[in-house]
Amino acid sequence: MNATIILSMAGGLGLFLFGMRVMSDSIEKVAGAKLRRILEIFTTNRFSGMLVGIVFTGIIQSSSACTAMVVSFVNAGLMNLYQAAGVIFGANIGTTITSQLVSFNLSAYAPVILLSGVLVVMFCKNEKVKQFAEIIIGFGVLFLGLSTMSSSMASMREVPQIVELLSSLRNPLMATLMGLLLTSVIQSSSVTVSIVLLLANQDLLSLPITLYIILGCNIGACTTALLASLAGKKDAKRAALIHFWFNVIGTLVLYVLLFVAQEPVMKLIWSVSADNGRFVANAHTMIKIFQVIVLFPFSNWIVKLSVLCVPGEDKKVNYRESYQLKYIGEKVVFNPATAVVEVIKELERMASLANENLNRAMNALVTLDEEDIAEVYEVEKNINFLNHAITDYLVKINQTTLPIEDLKSLGALFHVVNDIERIGDHAENVADAARQRKETGASFSPDATHELGEMLDMVNKIIQYSIDMFAKSDESHMQEVITLEDKVDAMEKKLQKKHVERLTKGECTAEGGMIFSDIVSGLERVADHATNIAFAIVVAEKEAEVD
């Protein structure tokens, strides 16, 4: 009998965990990119960040996922610690939505919910509808698991040893420790609180002790973010610690409150609860709201405490010279929901390196500075490293569960990294030309030097507009890019014609003329590659509209 109960309980828990994973992943897949943009835009202050954290976590049903995403944002420099604190506070309230849903006992409808989702996936041809159906399937599996666990717990009441073991749990500290350990293993406070809810519904746990288990669950929920931050920068570790200290300090405050006024607290929670299950769900929500109200005014102090725990600054690395990735890779927190954002940051850095190197090479072409020429070659090696590393990373994340919008943009990202690498190659070609000038003594006329400077200025503007548009997904400079690109094309033809005239008049040497012609053609191609980067946004958006 005991083995049957344990197996049934394990099966129900497996279904519950799988259903929650399917539901959470499907929601992130369908709406992850939109939710991420909301997280980026509306977290300018702690209060708006807290509201976003509540809504975000309530939708994806996981404070761990929300906090891990915040850790990734902080790691990528997209959010500071004070903004992160607001979102983390809100996530702690949003995570109670799951237990509220569980308490309404929708298990009887689980087969119907599951069947409807499966039928849509099997027979519907519309991909977007099928993606929403996957969320419904996760929801159905979740409640099917709950139904199985609930039946198992009803059978537990017939086993005296289990009843005696659970009823003997009277020590608040042991109850907190149990909640902490269970949640650390399961990696979800929502799941642990739901189990506590079911046990309370069967009168297997006393209501006062459920409060302490919930407090332990809250601390255990910090495990995911703490583990995610281990590979990250110091600020990423601090963001995870904000989550940890919020729950630890909040638990200590609740301990004091329950020690002084447990009965009034119990009566308050029971006054808005219809049964034991609703009591646990409401207790979970009210505890979190109380903790946020008490600790929100001290959020700056909690941030400072996290900085105190992780002192110092990250080791300064010259990413221009060193062959290292800054925003992606093995040493950085990986989160599917923010992976593409971090790739864009890395590409933005790579594009800046390529643009700087082009200007360095053009300067060396005029000054013939050997140090500049040598540095162009060194930076080009770094750009080639970034090209291979970012491409490999894109291949890797293409095999993970990315939000649908991000998945559609991967093709454009592959093209962008190639275009940036080609700009780097043209900078190297200019350095080759500078070295050739130095070795052969080839000279430029003052007019030729001035014309190259004018053309470079226009190319620089296109590159800067394109990088800015790509990084911000903003098409506002598209017309300027198109206009400038047309001007560069026209200027290339004009300068080639003037170059022939100077050669005819003997105003420049043949060697210098050949170099000039090659550089002008190269700058025109750089403008083409920069324009491709700008158009990558439009292409990705059109593909998204077609799908």
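Valine 280 is in contact (heavy atoms within 4.5 Å) with Val193, Val196, Leu197, Ala200, Thr210 and Ile214, once its neighbours within four places in sequence are left aside. The model is predicted, so that local features need pLDDT of at least 70 and side-chain atom pairs count only at pLDDT 80 or more, while totals for chains, interfaces and linings use all residues. Residues are numbered from 1 along each chain as its sequence is written, and side-chain values use heavy atoms, with hydrogens and water left out.

**Nonpolar cores**

- Val280 is also among the residues with the most contacts inside the largest nonpolar core, which has 74 residues, the others being Phe16, Phe89, Leu146, Leu211, Ile213 and Ile242; such a core is a set of buried Ala, Val, Leu, Ile, Met, Phe, Trp, Tyr and Cys residues joined through side-chain atoms within 4.5 Å.
- Helix α13 (residues 234-271) supplies the largest share of this core, ten residues, helices being DSSP runs of H or I with at least four residues, numbered from the N terminus.
- Another core, of 68 residues, lies apart from it and includes Tyr393, Leu413, Ala433 and Ala530.

**Overall burial**

- Of the 547 residues of the protein, 53% count as buried, a label that means under 20% relative accessible area with a 1.4 Å probe and protein chains only, whereas exposed means over 50% and partly exposed lies in between.

**Exposed phenylalanine**

- Phenylalanine 123, which lies in helix α6 (residues 110-123), counts as exposed because its relative accessibility is 61%.

Key
Helices (H or I, at least four residues) and strands (E, at least two) are DSSP runs, numbered from the N terminus.
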